[in-house]
Amino acid sequence: MAHMFRCLDGLERCLSAEQRRRLEEIGSERLCEVIADAVRLCEPERVWVATDSEEDIAYSRRAAIELGEEKPLRIAGHTVHFDGIEDQGRDREVTRYLVPKGDVLSRALNQMDREEGLAEVRGLLAGSMRGRTMIVRFLTLGPPRSVFSIPCVECTDSFYVSHSLDLLYRPGYEEFRRLGDRAEFFTTLHSCGKLNERMVSAEPEKKRIYIDYSTETVYSVNTQYAGNTVGLKKLALRLAIRKADREGWLAEHMFLMGVHGPGGRKSYFAGAFPSACGKTSTAMLPGETILGDDLAYFRSLNGKCMAANAESGIFGIIQNVNAQDDPSIWEVLTKPGEVIFSNVLVNNGRPYWLGMGVDIPDSGENFAGAWRKGMKDAKGAEIPPAHKNARYTVSLKALANCDENLDSPDGVALAGILYGGRDARAYVPCQESFNWAHGIVAYGAALETETTFATIGTEGVPEINVMSIQDFVSIPLGRYISNNLAFGAKLRRPPRVFGVNYFLRDESGFVNGVRDKHVWLKWMELRVHGEAAAVRAPTGLIPRYEDLSRLFESVLGTRYSREDYRRQFTIRVPENLEKIDRVEQFFRTQVDDAPSELFEILGAQRRQLEEARARFGERIPPDAFSGEIVE
């Protein structure tokens, strides 16, 4: 076949005739230009263009082991990967939007001048793949041949990243071929940079993750942690948010799950939680089904809110995953099948992680190298056996409770949305908003949490994390909130919006049990079908004691006392008023374009709290509102 795209000429040293043919068969000039630019910049020894074939997928997996980026474990199909000791989470400080002159993003977002950023990151990428293979991967966000689909290409020199892509996303080579020159795609260019003898990025001080939204391109260099390198994950979410803004839909940092109700029905819920706040454990509740644990796209189709998982796998936090609380995940992690563990402890071919419910050996290999109990790092801090942000990567279809509609091109009809964070002092464990707008503002935009180990930096610092998506919003933050408000307004019957908080504390500790979240979900399922009443409180609609008592018995087989109810659902007026103060301060000082509706809704909630305090005092037990029943 005659060469079609002259931009690939001159690359014969690293691009074989077969690999060139694979590119040209797609029929996209822009794609070939993108690949040619990446090859000339990074100077790989060889370019390998992967198709959707089983042979190519198997080769990618095998190469990750042969090169030492992954090591096989005792159970068939299981491997382990280690990131560098300074590369254990998403790195906010070096993840930046590249903003063209004249464009404006919210001050809350990490950003820099586009030309300056391109010069820096492309300078770091220059020659970064010498002596290595550039792997070219084609995938789709969302189900293929669907209104939700976004084609993506990633160029990387890491077979661990390539292997992870196979587990986390749907194949896209044939989709690119189908679309040809019509493909509007996202691009990621990643290099591990200089590697040490453990095949770990050796120059973390030169780590950069830059998002050039002008060309829908992500650049990532001198890092291997998947959250920084698997471009289709949170990095592409930033690009999807801009695309959704242009086209009138929503790209969200949310799980999707099916919750079973009476009579064999199933209702679909989405949920936004910052990392390590209960997101995956909610999505994986036993007896329910999972469509996704991280990224969801919402579209209004015929007046209904339809949702689809952007991904088809899980890159999940493994800490505290155990047989009792997480039986579905535990089964996958302990039986033969394709799983990548990262940054766990390995001893005698077996992986160990924090909170797994078994005795952990006193020695082995972990993210720090050869490890033994009591070892300390360069700063004198004791090195744990496994990292708090250790992960597992697995295909959703490996789970027994994977929902049958995972790849439905139409998505699923959404009945409810949850917003939840780490709030030790204010919000009750479960409440329903008064309406769509109240939920988007009071539970979503006002989402407050504590920083966790999933993001590099200091842990335990309270902060606003708008809709659990603040780090990823690549449009003005106020406009993002306005888009959510407008989206619900155009639906015939918008999903009900709920706020949850698994981390409320009193002087005795957490007021929630680990398994209580299942009761909250079952109550929500009844609410969306009009089969449970609620009590109107100042911050939202809370469950009735009678309904919770029945649900605790039927769902968990436990007794639920009036004292339990009061401990969990007492309204703490001063703490809730302080929360409103912090949220208003954030939006007045950090967000230039916050919609006026946001302040109106927060102001109404403030007045309701003050009126309740005047009637009942600063600690209001739920019984005080028992006369205000909402069907």
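Asn348 is located in the loop that joins β20 (345-347) to β21 (350-352); the strands named here are DSSP runs of E with at least two residues, helices are runs of H or I with at least four residues, and both are numbered from the N terminus. The phi angle of Asn348 is near 55 degrees, a positive value in a residue other than glycine. With a relative accessibility of 59%, Asn348 counts as exposed, where exposed means over 50% relative accessible area, buried means under 20%, and partly exposed lies in between (1.4 Å probe, protein chains only).

The model is a predicted one, in which local features need pLDDT of at least 70 and side-chain atom pairs count only at pLDDT 80 or more, while totals for chains, interfaces and linings use all residues. Residues are numbered from 1 along each chain as its sequence is written, and side-chain values use heavy atoms, with hydrogens and water left out.

Asn320 also has a positive phi in a residue other than glycine, with a value near 70 degrees. Asn320 belongs to the loop between β18 (313-317) and α10 (327-333), and its relative accessible area of 44% makes it partly exposed.

The view may now widen to the whole chain. It contains 17 helices and 36 strands. Its radius of gyration, taken over C-alpha atoms, is 25 Å, close to the 25 Å that the globule rule (2.2 Å times the number of residues to the power 0.38) gives for 631 residues, so the chain is as compact as a globular protein of that length. Along the principal axes, the C-alpha atoms fill a box of roughly 80 × 55 × 50 Å. Of the 631 residues, 62% count as buried. Among contacts (heavy atoms within 4.5 Å) with a separation of 6 or more, 73% involve residues 24 or more positions apart.

The interior can be described through its nonpolar cores, each being a set of buried Ala, Val, Leu, Ile, Met, Phe, Trp, Tyr and Cys residues joined through side-chain atoms within 4.5 Å. The largest core has 164 residues, and those with the most contacts inside it are Leu141, Phe298, Met524 and Phe587. Beyond its neighbours within four places in sequence, Phe587 is in contact with Ala445, Val466, Ile481, Ala594, Leu598 and Phe599. A second, separate core comprises 37 residues, including Ala36, Val121, Val136 and Val153.

Phe552 lies in helix α14 (residues 545-556) and is buried, with a relative accessible area of 4%. Residues up to four places away in sequence aside, Phe552 touches Asp516, Val519, Trp520, Gly557, Thr558 and Tyr560. The C-alpha atoms of Phe552 and Ile620, which are 68 residues apart along the chain, are separated by 23 Å.

Two further loop positions complete the account. Lys206 sits between β9 (186-191) and β10 (208-212) and is partly exposed at 33% relative accessibility. Excluding neighbours within four places in sequence, Lys206 is in contact with Leu124, Val221 and Asn222. The C-alpha atoms of Lys206 and Val221, 15 residues apart along the chain, are separated by 7.7 Å. Gly513 is placed in the loop between β31 (509-510) and α13 (516-528), where it counts as partly exposed at 34% relative accessibility. The C-alpha atoms of Gly513 and Phe503, 10 residues apart along the chain, are separated by 9.5 Å.
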